[in-house]
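This report describes some local features of one chain. Please look at the sequence and the structure before reading on.

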Amino acid sequence: MEQEKVHVRLLVLVGVALFWMLAVFGRVGYLQLFCHGEYLSKAQRQQRRTIEITPKRGAIYDRNMQALAMSVPVQSAFAVPGEVKDVELASRLVSRELGMTADEVRAKLESGASFVWLKRKLPQASSDAIQSLNLKGIYLLEENQRFYPKREMASHVLGFVDVDEHGLGGIEHEYDNLIRGQGEKLVAVTDARQKIIESGEAQHDRGVSVVLTIDEKIQYVAERELAAVIAKFRAPAGSVIVQDPNTGAILALANWPKYNPNAPQEVDTRKRTDRAISEIYEPGSTFKLMTLAAAFDQNLIRADEVFNCENGAVTVAGHLIHDHKKYGLLTVEEILANSSDVGAIKVALRLGSQRFYDYIRAFGFGTPTGVDLPAESRGLVRRLEHWGSYSIASVSMGQEVGVTPLQMITAVSSVANGGLLYKPHIVQEMRRGDQILPLDGPSAAAEPKRVIRPETAATMRRLMEGVILHGTGKNARLDGWTAGGKTGTAQKIDPETGRYSPTNVIASFSGFAPINNPAVTILVSIDSPAGYPHDGATVAAPAFKRIAEQILPYLDVPRDVPLSPQLIQASYRARKNEPQDESLDDLTPVDFSAQPEANEDQASALAAKEAAVKMPEVMMAVDEGGDIEVPDFKGKTMREVTMSCMRLGLDPVLVGTRLAIQQTPAAGIKVRRGTKITVEFGDTPARSGKSK
Amino acid sequence: MATAYRWSEEFPQGPKVHSDAAETAMRRTVRRFQQQMKDEAPSKPLVEFPVGRGRVIGRPVASARAKKPLMTEIYTVKKIDNSRLTRHVEPVKVRNLYRTVALGGLIALCMMAYVYQHFRCIDLSFQLEDLKAKQVQAQQANGELKLEIATLRDPHRIDVIAQRQLGLKRPDAGQVREYANTDGSEVAALQSVRINRAP
C-alpha cells in the first residue's frame, strides 16, 4: 500500500517534469521556428550599430607631390527637432555658437522635419562649443571639407567642389568619380552600454589621389607674370600656358581673372572659366607659323626665297588687304620675322586651300586636343567647302579661324619638338594609397602624331629664332638661352559694328627655348590690353622673356649663349652702389589672408623698391660671358689664387705647394665664366736661387 | 521501578568500543549510572553520560513513588570487531575512477579556457576599438598638419616674406652661378647656387 503511494507520487513528479520540459522545448521550438526573424532583428538592433563612413576625397598634388587640394574632417551640426524639448532655449544657445540668429535656428527646429541641418562644415571652436552644450536633439556629424592650401594658385585647373563634396570644375569635376571615393556603412557589434566591441574594416579606400604635371613653382611664376602684365596693361583677361614640348605635359596653366576655390560662390561663373582651354580667339599672326610650316613641308618654298610684298597691299578675290607695314621684297625668313601679312598670303596662295586646310586640321585646330580637363572647346575651323573666296588669305594670317590657347601651344610644341603633335595632358599619375593606378580614359597616353617632317620643323625653329633675334619678337630675347617664337596681334570683332575693332586686340606670343633642344613652350595671351602700343611684341613678348628666364634655370636647362656683358656689369655696378646700412631686422609677421588681390602687383613693385634699399652686399659669382681676363697669379699664395678665381667665377685647379709659378691659360687671356685655370705652385726662382 | 536505558538516535551504531579497557570503562560507567538512578528521582530527564569515546543517553525507569527501581533493563553492547575484514579495491575501477576524474578535469579546464578566451577576446576587441579610434585621431591630426605644411609652402607666401620681411630680391640672370658638380674648389661658390631645385 505504502509502495503504491510512492509510485503514484513518483509518476506525478515525472509527469510534471515531463510536462515542464515539453512546455519549455515547445516554447523554444516555437520561438526558433516561427519568431526567429523578429527576435533576430530585435537582437541585431540591440547589439549592432551602423557607422556611416563619409567618403573622403583624394588629394591633388603637383608633379613634385606638393599638395594643391586636400580634404580634412570637420563637424557639421544637425538637429532632430522631435527630440528638442525647449526650442526657445536651444535656439538661443545654439545660435550664439553657430553665428546664426535665434530666429533662424528656431525656424529650423520648428520645421517639423525629422532631420534638419543647422550648419555644415563648422570651425573647430564652434563644433567644440556645440559639443559642450550637450543638448538633446542637437548633434554633430563628421564630414570632410575640401581645402586648397595654395588658394588661387591653379584654381582653374583644380576646380572646386560644392558643399556635398561633388566636383564642379577642373580636375575635381573631370575625375570626380575617382577622387570622391565611396561612402560606406560599417556594422559594429556593441555591448549593453552601446560600446563598440567590433567594428570591422572599411572595404572601400578613400578616393584616388591625382598627381598633376603642373609644377607649383612654374605655375606661380606664370601666374605672377600674368598678373603683372594684366596690371600693367589694365587688361581684363589673359592666359599663360607652359608646356613640355617633348611630352605634351602642361607645366603651368594660368588664367586671369582667377578665383579662390575655397570660396567659389563668391565669384561669378565668368571668373571661373578656364579661358586657356575654352576661350576661342583669332590667333592673328601666330597662325603664320602654320602657313609657313605647311608650305615648307610641301617643299613649296625655301627660307631664302624672296616674295614681293607689294608695298603693303594685296588684292585677293577682289578684296584689298593691307599689311601693317609697307614691305617690298622679303625673304620667307623676313616674312615671318616681320610678320608680313601680304607675304603670308602669298605663301598660302601657293600652298592652296586644300593642302592648307589639311595642315590646319593636322595641327589639331578645329578639334578638341583631348586634354584631361572639362569644357574644352574644339575651336572654330570652317569646313573647306564653306570657305569664301578670300578665306585662304584671311586664314593664312590668323583670321576667320578660332583657336584656343591650348590648341595653339600644342601646335607650336609640335614645331619645337621636331614635328610630332602630342596630346596635351595634365594628369601625370593616379594613386590609391601607395599603389599607382593605370591611366585610362581622357588621361591615357596617346601616341604622338607626325604633322610635319623633322626637316621642316628644324627650318621653322630657325625662322622662329630669327623672329626673336631681328624681328618683331626682340622683346622676347632671353639672356643666356636661345629661343624662338612668334608674336601675334589679333583684332577682336566689335560686337556693335560686327567689324574688327581697331582698339581691342588679343596680344599673344608663342615661343619655346632653347632652340636646339626645347625644354619649354610658352604661350602668353592677353585679352584687350589698354594703351598703345598694345601688340604682342610689346605686351606678350616681355612676359614670355620673364617667364622663360625664371623657368629655364629652375629646370636646370644649361645656357647655350653667353649672357650680355653690359647687362651683367650694369646690374653688378648697381648692386655695388646700393646702400648697406639697413639690416634684415624687419621680421614683422605678414597677414597673407588680408592682402587684397588687386594690390599684389603694386605690392610687388613696392617690395622690389624696398628690397633694393635693403639689399645687402652679397658676394656673387658673376657671369661675364667670354669677357673675363685671367689675372697674373705668379708669386701668389694658394689662398690668394683661390679667392681671386672665386671672385671672377673661374675654376682653379691647384697643383703643388708654396707660391704660384706657372698658370694655364696665361695671364691676360680672356676666358668664359667657369673656365678651369690650372695653377702650378712651387718655389719661386728667387727663393730657389737662395736655397742654392 | 524499572530503569530503562536506550541508545540515543544520534548514535545508531552504538558506542564504538574497540578495546578491553574501553569495555571495562563502559561497564563501570553503566554501573555508576545504575547507582545514580537508584538515588535520583524517577522523572529525571534524559541525561548524557560519556562512555569511552562515545556517549550514552539514558533515563532511569522507576516508579515515582518507589525508592528502588522495580526493574532494570540493560542493553549490552555487542562487540563487533571488523578489524580483520579488509576492503578489496579493484584496480580497474580505480583506473576508471581516475580516468573519469581526469576527463572531468580536462573538460572543466577546456570550459574554463573557452570562457577565458571568450572574455579575453571581448577585452581585446575593446582595446582594438580604442586603438582604432586613436588611429583615426592621429590620421586627422596628420591631415591637418599636412594641410598646414602645404599652406606654409605657398610660393606666394614665401615670395612675400622674402621680399617684404627679408628684403630679398630676385637675382638677375647673371647672378646665379651653377656648377655641374661641387668638388672642393667650388664649395666657396655654393653660396650662390640655388638649393631649392626641382627633383
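## Cis peptide bonds

A:Pro257 sits in the loop between strand 10 (250-256) and helix 10 (275-278) of chain A. The model is predicted, and in it the peptide bond from A:Trp256 to A:Pro257 is cis, with omega near 5°.

Another cis peptide bond runs from A:Ala513 to A:Pro514, with omega near -15°. A:Pro514 belongs to the loop between strand 22 (500-513) and strand 23 (520-527) of chain A.

## Positive phi angles

A:Arg234 is not a glycine, yet its phi is positive, at about 50°. Its loop lies between helix 9 (216-233) and strand 9 (237-243) of chain A. A:Arg234 counts as exposed because it has 10 C-beta neighbours inside 10 Å.

A:Ala375, also not a glycine, has a positive phi of about 60°. This residue is in the loop between helix 14 (353-362) and strand 15 (380-381) of chain A. With 12 other C-beta atoms within 10 Å, A:Ala375 is exposed.

## Helix 3 and helix 4

In chain A, the axes of helix 3 (residues 87-98) and helix 4 (residues 102-109) come within 8 Å and cross at roughly 130°. Helix 3 of chain A is therefore oblique to helix 4 of chain A. Their crossing is right-handed.

On the side of helix 3 of chain A, the contact involves A:Val87, A:Ala90, A:Ser91, A:Arg92, A:Val94 and A:Ser95. They meet A:Ala102, A:Glu104, A:Val105, A:Arg106 and A:Leu109 in helix 4 of chain A. By class, this contact has six nonpolar, two polar and three charged residues.

Note on methods. Residues numbered from 1 in each chain as written. Chains lettered and ligands numbered in written order. Predicted model: local features only at pLDDT ≥ 70, side-chain atom pairs only at ≥ 80, totals over all residues. Axes fitted to C-alpha atoms, helices over the stretch in contact; angles between N-to-C directions. Helix = DSSP H or I, 4+ residues; strand = E, 2+ residues; numbered from the N terminus. Parallel < 35°, antiparallel > 145°, perpendicular 65-115°, else oblique. Left-handed = near helix turned anticlockwise from the far one by under 90°. Contact = placed C-beta atoms within 7 Å. Nonpolar A, V, L, I, M, F, W, Y, C, P; charged D, E, K, R; others polar. Buried ≥ 20, exposed ≤ 12 C-beta atoms within 10 Å, placed from the backbone.
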